[in-house]
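Subject: The model and some notes on it

Hi,

Here is the structure I said I would pass on.

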Amino acid sequence: MIKRSIIILCLLLVFISLLSLLLPSAISVARSSVVFASEETISREINNPDNWSDWFPPLKEGLMTIRKISDDEAVLQKSADRSMTLKFDYKGVDSTVCTITPQSGDAVSYTFLQSPADGGVRVTLIANVKLAWYPWQRVRGVFMDKILGAQYDEALAGLKAGCERP
């Protein structure tokens with residue numbers, strides 16, 4: 001009976017592993033919000049790492065601290081031994097691309113796009129996540145929108161509030 005259970009468990013693991021190979025290796029999660037402020041105001045808020053503590057949820061909630069290294073790089077400190085690097089790859093008035101890389105090396109690329117909409121500016125946040133080949137990573141990708149979406153909505157709401165402040 002135990003031998004049979006082990007065989008069934010092994011077959012189930014092999015099946016899940018093979019099934020996970022059919023799942024995508026990269027996931028994009030996108031959220032947007034209309035902000036009633038100028039593109040320049042929004043760009044200043046996004047492009048300056050010092051401002052991220054006003055709207056980026058982990059910083060705003062005190063779960064992390066930020067230390068600016070240069071205008072294009074900062075360190076997000078979670079604890080004494082856990083940190084991430086924030087690096088701006090491109091800064092423009094209508095778009096910004098940055099990468100957050102934890103010590104594990106699994107970088108997430110963020111793109112902020114701005115376009116006119118409804119009397120304001122539509123800010124779209126697109127997160128691109130590369131997944132490892134591990135089956136649990138690929139399966140996690142299926143739920144990535146649910147896992148990260150609420151945090152991105154919160155980030156855009158904070159950005160909106162900060163930019164619309166008189």
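What follows is a short tour of the sheet, the helices on it, the pocket and cavity, and a few single residues.

First, the ground rules. This is a predicted model, so to speak: local features need pLDDT of at least 70, side-chain atom pairs count only at pLDDT 80 or more, and totals for chains, interfaces and linings use all residues. Residues are numbered from 1 along each chain as its sequence is written, and side-chain values use heavy atoms, with hydrogens and water left out.

**The sheet**

Seven strands make an open, antiparallel sheet, in the order β1-β7-β6-β5-β4-β3-β2. Helices and strands here are DSSP runs numbered from the N terminus (helices are H or I with at least four residues, strands E with at least two), and two strands pair if DSSP finds at least two bridges between them. β1 (26-35) and β2 (65-70) are the edge strands; each has a single partner, so one side of each is left without a neighbour in the sheet. From one strand to the next the twist averages 20 degrees. For this and other angles, axes are lines fitted to C-alpha atoms, for helices over the stretch in contact, and values run from 0 to 180 degrees between N-to-C directions.

Which residues of α2 are buried? They are I42, S43, E45, I46 and N47, where buried means under 20% relative accessible area, exposed over 50%, and partly exposed in between (1.4 Å probe, protein chains only). Their cover includes β1, β4, β5, β6, β7 and α5.

**Pocket and cavity**

Both come from a 1 Å grid over the protein atoms alone: a cavity is a set of points where a 1.4 Å probe fits but cannot get out, a pocket is an open set with protein on both sides within 12 Å along at least five of seven lines, and lining residues have an atom within 4 Å of a point. Grid points are joined across faces, edges and corners, and a volume is the space filled by probe spheres set on the points.

The largest pocket has a volume of about 730 Å³. It is lined by 26 residues, and the closest to its centre are M84, P102, D106, V108 and Y110. β4, β5, β6, β7, α4 (135-142) and α5 each give two or more residues to this lining, with the largest share, five residues, coming from α5. The lining divides into 16 nonpolar, five polar and five charged residues; Ala, Val, Leu, Ile, Met, Phe, Trp, Tyr, Cys and Pro count as nonpolar, Asp, Glu, Lys and Arg as charged, and the others, Gly among them, as polar.

The search of the whole structure finds one cavity of 30 Å³ or more. W52, W55, F56, Y110, F112, L125, Y152 and A155 line the largest cavity, to which β6 (108-117) and α5 (144-164) give two or more residues each. That lining is made up of eight nonpolar residues, no polar and no charged.

**Single residues**

- M84 is in strand β4. Beyond its neighbours within four places in sequence, M84 is in contact with M64, A74, V75, L76, I100, T101 and P102.
- T124, in strand β7, counts as buried at 18% relative accessibility.
- D118 lies in the loop between β6 and β7. D118 is exposed, with a relative accessible area of 62%, and has a positive phi near 50 degrees, in a residue other than glycine.

Best wishes

Key
Contact = heavy atoms within 4.5 Å.
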